[in-house]
Amino acid sequence: MTALPRIGFGYDVHRLEAGRTLTLGGVVVSRDIGAVAHSDGDVLLHAVCDALLGAAALGDIGMHFPDTDERYRGISSMLLLRHVAALLSDAGYSVGNIDATIILQAPKIKDFVGDMRAAIAAAVDIPWIGYRSRPPRPNASTRSVRGTASPHMR
Ligand SMILES: [Zn+2]
């Protein structure tokens with residue numbers, strides 16, 4: 001019998017504040033405005049981590065990397081993603097693809113998307129990442145960044 005593919009879903013949101021660095025998908029996209037967070041606040045990688053952990057029934061990002069733990073203050077979320085990828089690999093899973101969305105008014109990030117895809121693909125060892133970005137709805141807060149991710153894995 002063939003094992004059914006597993007699907008997960010991750011969602012994250014961070015408030016934006018002037019004078020911080022905004023890192024998305026492991027890539028610095030702004031040094032003028034950035035996410036308020038315990039870690040580097042990479043909303044895309046947080047959504048990806050949660051989606052992968054959820055698909056494997058291995059808990060969530062808060063369980064593995066609590067924001068009360070000083071070891072994770074300011075940490076690169078790429079390190080968290082690599083740790084999650086190792087957990088999946090140890091559990092016998094491989095990721096086929098990840099589909100992700102970033103919802104952000106500004107800055108524009110299209111010039112960074114190639115680097116984000118490459119960084120995530122290298123960390124998780126997958127061939128394909130689907131990606132789109134959207135501006136927020138007209139009356140939604142423009143002072144936040146949101147990310148979603150949905151992986152498919154076996
Ligand atoms: Zn987060």
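Because the model is predicted, local features need pLDDT of at least 70 and side-chain atom pairs count only at pLDDT 80 or more, while totals for chains, interfaces and linings use all residues. Residues are numbered from 1 along each chain as its sequence is written.

Start with the helices. Helices and strands here are DSSP runs, numbered from the N terminus: helices are H or I with at least four residues, strands are E with at least two. Helix H1 covers 43-55, and helix H3 covers residues 77-90. Their axes come within 9 Å and cross at roughly 15°. Axes are lines fitted to C-alpha atoms, for helices over the stretch in contact, and angles run from 0 to 180 degrees between N-to-C directions. H1 and H3 are therefore roughly parallel to each other. That label applies to angles under 35 degrees; over 145 is roughly antiparallel, 65 to 115 roughly perpendicular and the rest oblique. The crossing of H1 and H3 is left-handed, meaning that the near helix is turned anticlockwise from the far one by less than a right angle; clockwise would be right-handed.

Which residues make the contact of H1 with H3? H1 brings Leu 45, His 46, Val 48, Cys 49, Leu 52 and Leu 53. H3 brings Ser 77, Met 78, Leu 80, Leu 81, Val 84 and Leu 88. Two residues are in contact if their C-beta atoms, placed from the backbone, lie within 7 Å. This contact divides into ten nonpolar, two polar and no charged residues. Ala, Val, Leu, Ile, Met, Phe, Trp, Tyr, Cys and Pro count as nonpolar, Asp, Glu, Lys and Arg as charged, and the others, Gly among them, as polar.

The axes of H3 and H4 are 8 Å apart, at an angle of about 35°. Met 78, Leu 81, Arg 82 and Ala 85 of H3 meet Ala 119, Ala 123 and Val 124 of H4. The residues of this contact divide into six nonpolar, no polar and one charged.

Now the core. In soluble globular proteins, nonpolar side chains tend to be buried together. A nonpolar core is a set of buried Ala, Val, Leu, Ile, Met, Phe, Trp, Tyr and Cys residues joined through C-beta atoms within 7 Å. Buried requires 20 or more other C-beta atoms within 10 Å of a residue's own, exposed 12 or fewer, and partly exposed lies in between, with C-beta atoms placed from the backbone. The largest nonpolar core has 38 residues. Leu 44, Val 48, Cys 49, Leu 52 and Leu 81 have the most contacts inside it. H1, H3, H4, S6, strand S3 (22-24), strand S4 (27-30) and strand S8 (144-153) each supply at least two residues of this core. H1 gives the most, with ten residues. Leu 52 touches Gly 8, Val 84, Leu 88, Val 95 and Pro 151, not counting residues up to four places away in sequence.

Val 13 sits in strand S2 (residues 10-18) and is partly exposed, with 15 other C-beta atoms within 10 Å. Val 13 and Val 43 are 30 residues apart in sequence, yet 6.2 Å apart in space, C-alpha to C-alpha. Beyond four places in sequence, Val 13 touches Val 43, Ser 144 and Arg 146. Gly 96 is in strand S6 and is partly exposed, with 14 C-beta neighbours inside 10 Å. The C-alpha atoms of Gly 96 and Pro 127 lie 7.1 Å apart, across 31 residues of sequence.

The loop between H2 and H3 holds Thr 68 and Arg 73. Thr 68 is exposed, with 7 other C-beta atoms within 10 Å. Arg 73 is exposed too, with 11.

Finally, the backbone. Most residues other than glycine have a negative phi, and most peptide bonds are trans. Ala 57 has a positive phi, near 55°, and lies in the loop between H1 and H2. Ala 57 counts as exposed because it has 9 C-beta neighbours inside 10 Å. Asp 125 has a positive phi of about 60°, in the loop between H4 and strand S7 (128-134). The peptide bond from Ala 106 to Pro 107 is cis, with omega near 5°.
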